[in-house]
Amino acid sequence: MFGLRLRPWLQPGIRVCTGSQQSVHKLASLQKATTLSPKKVQSLLYPFSELEGYLDRSVDRTPFQLFHPSLKDMLEAEKLYCSTPTHKIDYYVSAERMDHAPALKQPEVCFIGRSNVGKSSLIKGLFSLTPEVEVRVSKTPGHTKKMNFFRVGKAFTIVDMPGYGHKAPQDFVDMVEPYLYTRKNLARTFLLVDGSVGLQRADLIALEMCEEIRRPYVIVVTKIDKCGQGALLTNLLNLQDVVKRQTTSCFPQPILVSSLHFWGIYLLRCFIAHVTGSIKLTDTSQS
Ligand SMILES: Nc1nc2c(ncn2[C@@H]2O[C@H](COP(=O)(O)OP(=O)(O)OP(=O)(O)O)[C@@H](O)[C@H]2O)c(=O)[nH]1
Ligand SMILES: [Mg+2]
């Protein structure tokens, strides 16, 4: 069924970086932290705000601010990422093929992207409030070899996928594409793109695949700490242009993150809680 859909998953050069994950990040303690200026807190919560000042006035920023929840919403979402006896967060199972994927009813989100783009690191960041949940990351591309399912109570499931491109597992196409096409409870696909190098050919192929699948997906721009702001903005505007011209199922707002510095993680937690119907947003129009 999927044989005709084989794509030339390319093997672009990958820059390996070393980054260490910070551990526990509670929004409430962040609010109380005296060491951070309000501007720093703002850019930690909404990383795009840091870049706005560098943009020409003619640049339309609306697409970058569509999802802009209140702090209250973020705090509400954060509760979901804390494990309790009645709301357990755990690694559930791994699957090598779609027919091994567990039958789960709750909404699911998955993370796809080139090998080494930071998928597992980002999931580890999302679960920083439950460090007992082990998410393996590595500076060696091709580390995640199976689809790894993590349950967030009965609210939703997060799936960490193997990467494509450099050193991707041979069966990536057999594993991930069928999942994306047929998984009934898939609420959102997050397509990760390395913000420090910008869109690569393999990313464009992945975008094309997501467009063919016609299910809603969101671009997450990773490693925004790894390059200068000028380079990041150039990569972002290029990405924005591609999203505008070539996509119909992609959410117009890219979500910017650094798993190393925790930038954008609170926003992403809230976004996932929102798209899986786990929280009700009070107001998205506030800045
Ligand atoms: N500077 C920086 N490095 C990061 C960031 N996120 C991940 N990394 C590093 O990138 C490398 C790859 O991270 P992973 O999370 O294992 O990447 P992956 O996409 O899961 O890779 P595969 O499982 O091989 O597909 C590791 O060395 C991480 O420390 C980030 O936000 N900033
Ligand atoms: Mg991985």
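Student: Which residues in H4 meet which residues in H9?
Tutor: In this predicted model, Asp 73, Met 74, Ala 77, Glu 78 and Leu 80 of H4 meet Tyr 266, Arg 269, Cys 270 and Ala 273 of H9. By class, this contact of H4 with H9 has 6 nonpolar, no polar and 3 charged residues.

Student: Why are H4 and H9 called roughly perpendicular to each other?
Tutor: Helix H4 (residues 71-80) and helix H9 (residues 265-275) pack at an angle of about 75°, with their axes 8 Å apart. Angles of 65 to 115 degrees count as roughly perpendicular, and H4 and H9 are therefore described in that way.

Student: What makes strand S2 largely enclosed by the rest of the structure?
Tutor: A residue is buried if 20 or more other C-beta atoms lie within 10 Å of its own, and 6 of the 6 residues of S2 (residues 108-113) are buried, so the strand is largely enclosed. Glu 108, Cys 110 and Ile 112 point one way from S2, whereas Val 109, Phe 111 and Gly 113 point the other way, and all are buried. In a regular strand the side chains alternate between the two faces of the sheet.

Student: How do you know that S2 pairs with S4 and with S5?
Tutor: Pairing requires at least two bridges; S2 and S4 (residues 156-160) have 4 bridges in the parallel sense, and S2 and S5 (residues 186-194) have 6 bridges, also in the parallel sense. Phe 111 has Asp 160 in S4 as its bridge partner, while Gly 113 stands opposite Leu 192 in S5.

Key
Residues numbered from 1 in each chain as written. Chains lettered and ligands numbered in written order. Predicted model: local features only at pLDDT ≥ 70, side-chain atom pairs only at ≥ 80, totals over all residues. Buried ≥ 20, exposed ≤ 12 C-beta atoms within 10 Å, placed from the backbone. Helix = DSSP H or I, 4+ residues; strand = E, 2+ residues; numbered from the N terminus. Axes fitted to C-alpha atoms, helices over the stretch in contact; angles between N-to-C directions. Parallel < 35°, antiparallel > 145°, perpendicular 65-115°, else oblique. Contact = placed C-beta atoms within 7 Å. Nonpolar A, V, L, I, M, F, W, Y, C, P; charged D, E, K, R; others polar.
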